[in-house]
Structures are given as structure tokens and as C-alpha cells.
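My plan is to look things up one at a time and write each down.

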Amino acid sequence: MVPLENYVALSGILFALGVYAVLARRNAILVLMGIELMLNAVSLNFAAFASYLDPDRVTGAVFAVFVITVAAAEVGLALAIVIRLFRLRATSNVDEAAELKW
Amino acid sequence: MGAEHAWLLAAIPAGAFVVLALFGRYLARGGDWLGIAAIATSFALFFPVLADFLSEGDGLGPFTAAVEWTRIGDFSFPMGIFVDPITIVMLAVITTVAFMVNIFSVGYMKGEPRYWWFFAVLQLFAASMILLVLADNLLLLYIAWELVGLCSFLLIGFYWEKRSAVEAAKKAFVTTRIGDVGLLIGIILLWREAGTFNIQEILRLAEEGHFGHTYLLVAMLFIFIGAMGKSAQVPFHVWLPDAMEGPTPVSALIHAATMVVAGVYLVNRMLPAFEVVDETLLVITVVGLVTAILTGFMAFAQTDIKKVLAYSTVGQLGFMFVAAGAGAPEASMFHLMTHAFFKALLFLAAGSVIIGTHHHQDMNELGGLWKRMPITGTTFLIGSLALAGVPPLAGFWSKDEILVVLDKQWGPWAVSLLGFAAILTAFYTTRLFIRTFLGQPRDPHIAEHTTETPPVMTGPLLFLALLSVVSGLVVFHEVGTALGFPGGFGEFVFLPSHGPHGYEFDAAFAGASVVLALLGIFTSGWLYWGGRLDRSTRLAEWQPRLYDMLVNKFYFDELYQAAIDYGILGFSYVVSWFDRYVVNDTGVDGSAQVTGYAGFILKHLQSGRLPHYAMSLALGVVVLAVAGLVMRG
């Protein structure tokens, strides 16, 4: 039995990597991948805690499945936005898309 | 049919009002027949109610019936009727005069625009006025009180194409409203201590000393302010002469016989409570005396027939208040009744003159109408003599009663002041009659075209003239018992604490009354007889400033206008300045501008770059996490 701390530590590392990707990367695709990493860290947390608190039930796993589903939809939408951005600007650099202000 | 059906008297005209207001314009003849039928039914129903009332017990009632109107928590609001001798007198006056005025109006209002609406509002007025005198509690009384005020407003402003009519209606509404606020405060004060609106309960509690003396004093003075407003006592008298802008039948019904006596009725109804705090009685007497004398002078210099009658009405209402202030509801109500008949007669006769001369009502243009309008002239003469107090007409008996009770309560000073007012009454009444009907026509053209009015108008005049002659006789015990009453007027209407009051002929007072009346009549006759005005003109030139003062009615209107211009408008200017610059510019617009300017500066925080937002988000989470850790220790 792997102790809970290991799962939480792995989840924390994955989440931090995701945050770094979102903040540091300029390419929209890579930013998206960072978001995916953060989502997966969260899913892992759910599953780990659920199994730790009540091993007989699968509540956390169900949540993880939901998160995966929503993430798939989110990526579908986000990739569509990125494609539109690329068509308009001929770039996928998020710094170039700076019109979202007053 | 008995006294318990007395509410039908109000319900029938109210129903007629609803029908006339909705469909009147589509009915044949504007539905005047429906209005007359409704008021005639009320008039006819009054007699079985009266018979039933007199047959019960000692014939003094009271009769009462109530239903629960609404309930708030544990507090129930009953609404009911209360019939006692005072109510009976009021019902007799209202139904009789309203019936006569409705008939007269068919002739007077012929061909006027909004003919149907006139009859509709007359029915609403009759219903409200009957409700007012039937009400057993102050709340219902107040509702009816405001309803009659509304009808008065609507009818004064009946010719709303005329600016003066609109302004008169507004003036009447606003002036009486000042009094109404006083009445409302008084009602609330009484209710607060008594826990009920029922008038008889309140009177009982007042007599048992349930209220503190000062508390009751203040409450009753507020009630009296309401009565002063409605009954146009000085200083609220200014609205009534202006109310003459309304059609003349309205002046007869509302502004002479019924609505304006609501204040007198209220004081008589609440008199046991006024007696408990007897300082108020002196106030009532003094207000009545001041009004009677001042308006007597004001009527001197008026040349409009209706205006003279209006001031006369205010003065006679003063007489009624004087009687009430002497603790004598019998004298007050008696004068109320006789006055209603002869003043309604005078107003309707004035209306007949106006129609007969094709809309002339200024004495300076009239004169010599006696031969042209014999019925109107005769009935007007009867009304004038009754008003002047010439025996054996109605006004003599009631005025004599007032002088007697006044002497008993306040002594010679009050009697001599009221006697002076009686001389003034006889004086201006005679002047009015002489200058309208006698002498040479001042404008021959008008006199030539003057004709007697049709029977639909002279009929009510003759009926009211009959009442003006005989109604005073009910003061006698024999006349009262012959009619089925327990006795004369004073043995029917009286204050329970004083007991019935039989009529005693007092030769000294009767003689004095006659002398006063004749004094006024002869002085007036000496000045105006024969259509000559040289004596009165010389009198006016002898004291031009006094004359100016009379013509301008002691400058009451000017004084009020100045108070409004400088006092109220000045204060309004300050308030409007505060509203404009402090509330609006600083408060409302100011806060909006601060927000807008803050946004103008803070918008530069928005870079539009996604990583910046993401970074703020991440930092925010970190800050919150650190804060959470620190807070938990």
C-alpha cells in the first residue's frame, strides 16, 4: 500500500509543473497542455483521497471521470480558439493576442 | 323597514352614482331621472326610518348596528351605523334639500355640458353625506368626510374650462385639507388612548375620565380644527366664497345646507367630550363669534349675489358654533336645520335669478326684478326674512334659542356680540334683497329680457319657502308631539347630561331679537331703498379706507398669498436648493462621477495579456493560502 503522502506529493509536483507551463510558456498549445496537467493533478488528488477515506466506494474515481470528460470538451473548445487565433494572426503566441482590454 | 335599514338611504344614491358614472352619458336625458329617482327613494325611505325610530322606547333611540369590516391581528375594525335624534335631524335636512336641489338642477343645468356627470356627482355627494351622519365610528366618518370634500372639489371645478373655477376648487380642497389633517390627528390621538374608533365608546371613556385632561384637550382641539376647516370658520373661511364658482344648485346643497354643516354636526356629535374639557367650549364660542361678526362685515361690500350669500352662510355657521360652544346642541342643530332650509331656498332663488336674467349675478346690473320674477322674488323675500330673523319665520326661533342659551352659558358679553352679528345679518340680507329685486333696473336691457323660471325650478323654491316658514315651529312642544316626536325640538335633541330642554317663551329675548332684526332691516332700507345708492356711496367716500378694507374682505386672501409667497415658497426654495445641489449633484451624480473617474484610472491595470491574468490568479491563490495558514495559526 502506497502511503497517501506520495500521491499528494506527486499531485503537487504535477500541479506546479502545470502552473509553470501556463505562466512561462508563450505558445498557446503549451499553455493548454499546462492546464491539462493541472486538471490531472486534481483528478489524482480526488482519487487518492477517496480511496484513503473510504476504500469501498468510488466517489473520487467518478469525479476523476467527470473531470476528464469536461477537460476533453474544454480542450476541444480551446483548440478551436487557438486555430481561429492562428488563422487571424498567423501565430499561436499568447502575448500577441493582447486586445482583451479596454 | 326600520331604523336598521337606515344604511339604504346612503346605499341607493351610491348605486345610482355607479350607474351614472359608468353609463350616464348614454342614458336618455343624461340619466337625471335616475338621480332624482334615487334621491327621491332616499327621501321617501327616511319617513319609515323616522317612524320606526320614534316608535321604539321613548322615541330618542339611539339605534346602532355594526358589522366587522376588517381585522388586523387581534384588533377588529367594526363599521356600523348609529341613529340618534341628531342623526335624524341631519337625515331630514340632507334628504329634503338634496331632493329639492336635484329637481331644481334639471332646470338650472339644462343644456350644460357634462349634464350626466353633474347628476352622478350629486348622487355620490348625497350618499357620502348620509354616510357621514350615519357613521358610528370616527374612521368611517373620516372616510365620508373626505368623500364629501372630494364631491365639493369636483363640483366647484365643474366648469373646468374656466380658470377661476379650477383655482377655486383647488383652494377649497387645500384649505379644507389643512383642517382635515387636524381632524385626522385628533382621531388618531383619541384612538391611541381609547383603543376604539367608536364614537359613543370614546364619549363614554371621556366622561369617565379615561383620558388625561391635557391629552383630551389637545385631541379635541384638533377635532375642532377639522370642523373649522369643513365649516369655513375664520381663519379657514376663505375657500367658501370662492366655492361659488360652482353651479348654483351645488352652492345650495353642498356649500350652504349640508356639507359645510358637517363641522357643526361633528362638534355636536362629540359635544359630551368637548364638555369634559370645557376650555374648548370657550374656543368654539369665540371662533363662532369672530366668524359671525367678520363675515357679517365682509358681506357688506360684496356685489355678487352668491358671494353675499356665501359670507352669510359662513356667518350663520358661526352662529351654530356659538350655540354648540354654549353646550346647547338643541339650539345648534335647530339653527342648522332652519338655516339649511332658508339658505338652500336663498341660493336656489339666486340660481333662479341667474337663469331668469340669462347669467347675471352682480347686483350692480340687477334691480327691479320683483315684477318680472314674482315667484322667485316672493320666495327670496321669505328666505331673506327668515335669515334676518323676523318672526314667525324659521330663522327667528332658532336665532332666539341661540341667544337664550348663550346668555345662560356665557352671559351678556357673548349675547351682545352675537346680537351685533344678528344686526349685520339683517342688514346685508335686506341690502341684497332691495338691490336685486326692488328699485329701478340698473341695466334696463337685462331687466327687459328677464322672465320667470319654469315650474321645475320654482317648485322646489315654493316647497323650501314653506319649510322656511313652518320649520321653526317644531320648537314648540305641541307641534312636536303632534308630529309624533317626544316633544319640541329641545326635548328631542339634547345633551344627555343636561336633559331635555322645553321651550320657554322669553319675551325679553324675543323682543330683543325682533328689535335687532328690524334695526338691521331699517338701516339697510334707509341706505338702499328706492334703488338710490347716494347715501351708501357717501358712506363709502366718508371712510374710504374702511370701505377698501370691506371690499377686500379684511385682506385675508392677500395675507395668505403673502404667507405662501414669502413663507412657503421661500422655504421651498431652500429645500429645492438642498435637493438640487446636495442630494442630486453631490449625492447621486457625485457618487456616479467618483465611480466613473475611478474606473478611468484603474482601467490601465488591464493589459489584455493572458499570462498577466494567469499570474495574478496564481499569486492570488498563493496569497489566500498564506493568509489561511496564518489565520489558522
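Predicted model: local features only at pLDDT ≥ 70, side-chain atom pairs only at ≥ 80, totals over all residues.

**Entry 1: what I am looking at**

I started with chain B. I found 633 residues in chain B, and buried residues make up 55% of them. I then looked up its secondary structure, which comes to 27 helices and two strands. Next I boxed the C-alpha atoms of chain B along the principal axes. The box is roughly 110 × 60 × 55 Å.

I also checked the surface. The accessible surface of chain B comes to about 26,000 Å². Carbon and sulfur atoms hold 69% of that surface.

Then I looked at contacts in chain B with a separation of 6 or more. Residues 24 or more positions apart account for 79% of these.

**Entry 2: the largest nonpolar core**

Which residues touch the most other members of the largest nonpolar core? I found two, L190(B) and F274(B), in a core of 207 residues.

I picked S42(B) next. It sits in helix α2 of chain B, residues 32-55. Is S42(B) buried or exposed? It is buried, because its relative accessible area is 0%, and the cut-off for buried is under 20%. Beyond its neighbours within four places in sequence, S42(B) is in contact with L9(B), I12(B), P13(B) and T95(B).

Then I looked up S471(B). This serine is in a loop of chain B, between α20 (455-470) and α21 (477-482). Its relative accessibility is 5%, so S471(B) counts as buried.

Most residues other than glycine have a negative phi, and most peptide bonds are trans.

I looked for cis bonds. The peptide bond from V234(B) to P235(B) is cis, with omega near 10°. P235(B) lies in the loop between α8 (213-230) and α9 (239-242) of chain B. I also wrote down the bond from P391(B) to P392(B), which is cis with omega near 0°. P392(B) is in the loop between α16 (374-388) and α17 (394-410) of chain B.

Then I looked at phi. H358(B) has a positive value, near 60°, and is not a glycine. H359(B) has a positive value as well, near 65°, and is not a glycine either. Where are they? H358(B) lies in the loop between α15 and α16 of chain B. H359(B) is found in the loop between α15 and α16 too.

I checked how open these two histidines are. H358(B) is at 48% relative accessibility, so I logged it as partly exposed. H359(B) is at 51%, so I logged it as exposed. The cut-off for exposed is over 50%.

**Entry 3: a nonpolar patch on chain A**

I turned to chain A. Which residues make its nonpolar surface patch? I wrote down V2(A), Y7(A), V8(A), F49(A), Y52(A) and L53(A), with a patch area of about 570 Å². The elements that give two or more residues to it are α1 (4-24) and α2 (28-53) of chain A. The largest share, three residues, comes from α2(A).

I took one member, V8(A), for a closer look. Its place is in helix α1 of chain A. V8(A) has a relative accessible area of 31%, so it is partly exposed.

**Entry 4: where the chains meet**

Last, I looked up the contact between chain A and chain B. How many residues does each chain give? Chain A gives 10 and chain B gives 12. The two chains bury about 950 Å² between them. Of that area, 68% is on carbon and sulfur atoms. I counted salt bridges between chain A and chain B and got zero.

Methods: Residues numbered from 1 in each chain as written. Chains lettered and ligands numbered in written order. Heavy atoms only, no water. Patch = residues over 30% accessible without salt bridge, like charges linked within 9 Å, V, L, I, M, F, W, Y side chains within 5 Å. Areas by Shrake-Rupley, 256 points an atom, 1.4 Å probe, with all protein chains shown as cover. Salt bridge = Lys/Arg side-chain N within 4 Å of Asp/Glu carboxyl O. Helix = DSSP H or I, 4+ residues; strand = E, 2+ residues; numbered from the N terminus. Buried < 20%, exposed > 50% of the residue type's maximum accessible area, 1.4 Å probe, protein only. Core = buried A, V, L, I, M, F, W, Y, C linked by side-chain atoms within 4.5 Å. Contact = heavy atoms within 4.5 Å. Buried area = accessible area lost by both parts, 1.4 Å probe.
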